Amino acid sequence: MLSHNALRLDLTDFDRLLVALRSQLAAGKPLEAWQADAIRRYWKQAVHMLVIHHDSEEGGLAGQHRWRYAGCAKPVLKK
């Protein structure tokens with residue numbers, strides 16, 4: 001639950017960033033190089049965190065019971 005909240009907060013912050021940039025550009029102020037660089041670095045990190053989060057969901061309990069999600073029959077274990 002905490003990781004979902006953190007991801008939501010990151011996306012909310014990014015949305016606020018986009019609103020501020022729209023206002024800046026609408027006022028005729030150009031995007032500065034440092035701003036573009038900061039946005040790229042922020043988004044790269046946000047995507048990285050999303051991938052890590054989904055990888056951890058794919059593993060663990062969800063990964064052990066993937067057959068349920070795929071609608072497949074439970075695998076038969078050979079002795």
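This briefing describes the fold, surface and confidence of one protein chain. The structure is a predicted model. The chain is built from four helices and has zero strands. Of its 79 residues, 11% count as buried.

**Secondary structure**
- Along the sequence, the elements of the protein chain follow the pattern α-α-α-α.
- Among these elements are helix H1, which covers residues 2–26, and helix H4, which covers residues 66–70.
- Helix H2 spans residues 33–58.

**Confidence of the prediction**
- The mean pLDDT of the protein chain is 78, and 68% of the residues score at least 70.
- Helix H1 has the highest mean pLDDT among the elements, at 88.
- Helix H4 has the lowest mean pLDDT, at 53.

**Accessible surface**
- The protein chain has an accessible surface of about 6800 Å².
- Carbon and sulfur atoms account for 63% of that surface.

**The nonpolar patch**
- Leu11, Trp43, Val47 and Val51 make a nonpolar surface patch of about 320 Å².
- Helix H2 supplies the largest share of this patch, with three residues.
- Leu11, another member of the patch, lies in helix H1.
- Leu11 counts as partly exposed because its relative accessibility is 43%, and the partly exposed class lies between the cut-offs of under 20% for buried and over 50% for exposed.

Conventions. Residues numbered from 1 in each chain as written. Predicted model: local features only at pLDDT ≥ 70, side-chain atom pairs only at ≥ 80, totals over all residues. Heavy atoms only, no water. Helix = DSSP H or I, 4+ residues; strand = E, 2+ residues; numbered from the N terminus. Buried < 20%, exposed > 50% of the residue type's maximum accessible area, 1.4 Å probe, protein only. Areas by Shrake-Rupley, 256 points an atom, 1.4 Å probe, with all protein chains shown as cover. pLDDT = per-residue confidence, 0-100. Patch = residues over 30% accessible without salt bridge, like charges linked within 9 Å, V, L, I, M, F, W, Y side chains within 5 Å. Salt bridge = Lys/Arg side-chain N within 4 Å of Asp/Glu carboxyl O.
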